[in-house]
Amino acid sequence: MPRNASAVVALVLVLLATACSEEPKQEPQATDGDTIVVAGENANNHGTEDVAGVSDFEVEMDNFYFRPTVLSGSAGQTINLELLNNGGSPHTFTIDAAQVDIEVQPGLNATTKVSFPESGTILFYCRFHAGGGMRGGLSVGGDLAPASGSEGQSDTKIGPYG
Ligand SMILES: [Cu+2]
């Protein structure tokens, strides 16, 4: 019996190791990635995407970052974001000025329509993990300074779909 039990434990460990190795290889763990300053706050950096002229875009929420971390758009642009939680914990997409606060459970998604500021960056963050750098921004042209002008707006729909 002890021998069988340890064989089971070993098999479970192998399965866990396999699951972990399926993380995207080019992306470092959040704690290993670089940190950038977005609208005056530290953010775990998982890339910047140019979304100027794009009307729908997917943002991954994971442990503990947003990918992409910075969306670079144009002044006043509106965009529909699909928030997809690929992590193992609930995460939120929260923008104080726009009164956006969406909690997404693991494996589910939600959509929200948000607008870019006139200049600079509007900060978004996860209420649960912002202290660990789970933050990002809606940036006009890649300028990461805090936003001026529009405070943003939103139209949120929550729930799994598609
Ligand atoms: Cu989170």
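Residues are numbered from 1 along each chain as its sequence is written. The protein chain has one helix and 13 strands; helices (H or I, at least four residues) and strands (E, at least two) are DSSP runs, numbered from the N terminus.

**Overall make-up**
- From the N terminus on, the order of elements is α-β-β-β-β-β-β-β-β-β-β-β-β-β.
- The protein chain has 162 residues, of which 36% count as buried.
- Among contacts between residues at least 6 apart in sequence, 63% join residues at least 24 apart. Two residues are in contact if their C-beta atoms, placed from the backbone, lie within 7 Å.

**Confidence**
- The average pLDDT of the protein chain is 83, and 72% of the residues score at least 70. pLDDT is the predictor's confidence in each residue, from 0 to 100.
- Over residues 13–32 the pLDDT stays under 50, and the model has six contacts beyond four places in sequence for them.
- Residues 158–162 also have a pLDDT below 50, with five contacts in the model beyond near neighbours in sequence.
- Where pLDDT is low, the predicted coordinates should not be read in detail.

**Strands S7 and S10**
- Strand S7 (residues 78–85) and S10 run antiparallel and are joined by seven bridges. Two strands pair if DSSP finds at least two bridges between them.
- Thr-78 has Ser-115 in S10 as its bridge partner.
- Strand S10 (residues 109–115) is mostly covered, with five of its seven residues buried.
- Asn-80 has its place in strand S7. Asn-80 is partly exposed because 15 other C-beta atoms lie within 10 Å.
- Between Asn-80 and Lys-113 the C-alpha to C-alpha distance is 4.3 Å, although they are 33 residues apart in sequence.
- Not counting residues up to four places away in sequence, Asn-80 touches Ser-55, Asp-56, Thr-111 and Lys-113.

**Nonpolar core**
- The largest nonpolar core has 32 residues, and those with the most contacts inside it are Leu-83, Val-114, Ile-122 and Phe-124.
- Strand S11 (residues 121–125) supplies the largest share of this core, four residues.
- A nonpolar core is a set of buried Ala, Val, Leu, Ile, Met, Phe, Trp, Tyr and Cys residues joined through C-beta atoms within 7 Å.
- Leaving aside neighbours within four places in sequence, the contacts of Leu-83 include Val-59, Met-61, Phe-93, Ile-102 and Val-104.

**Backbone features in loops**
- Gln-99 is in the loop between strand S8 (91–95) and strand S9 (100–104). Gln-99 has a positive phi of about 55 degrees although it is not a glycine.
- Ala-39, also not a glycine, has a positive phi of about 50 degrees. Ala-39 is in the loop between strand S1 (35–38) and strand S2 (41–44), and it counts as buried because it has 23 C-beta neighbours inside 10 Å.
- The peptide bond from Asn-63 to Phe-64 is cis, with omega near 5 degrees. Phe-64 is in the loop between strand S4 (56–62) and strand S5 (65–67).
- Arg-67 and Pro-68 are joined by a cis peptide bond with omega about -5 degrees. Pro-68 lies in the loop between S5 and strand S6 (70–73).

How values were computed:
This is a predicted model: local features need pLDDT of at least 70, side-chain atom pairs count only at pLDDT 80 or more; totals for chains, interfaces and linings use all residues. A residue is buried if 20 or more other C-beta atoms lie within 10 Å of its own, exposed if 12 or fewer, and partly exposed in between; C-beta atoms are placed from the backbone.
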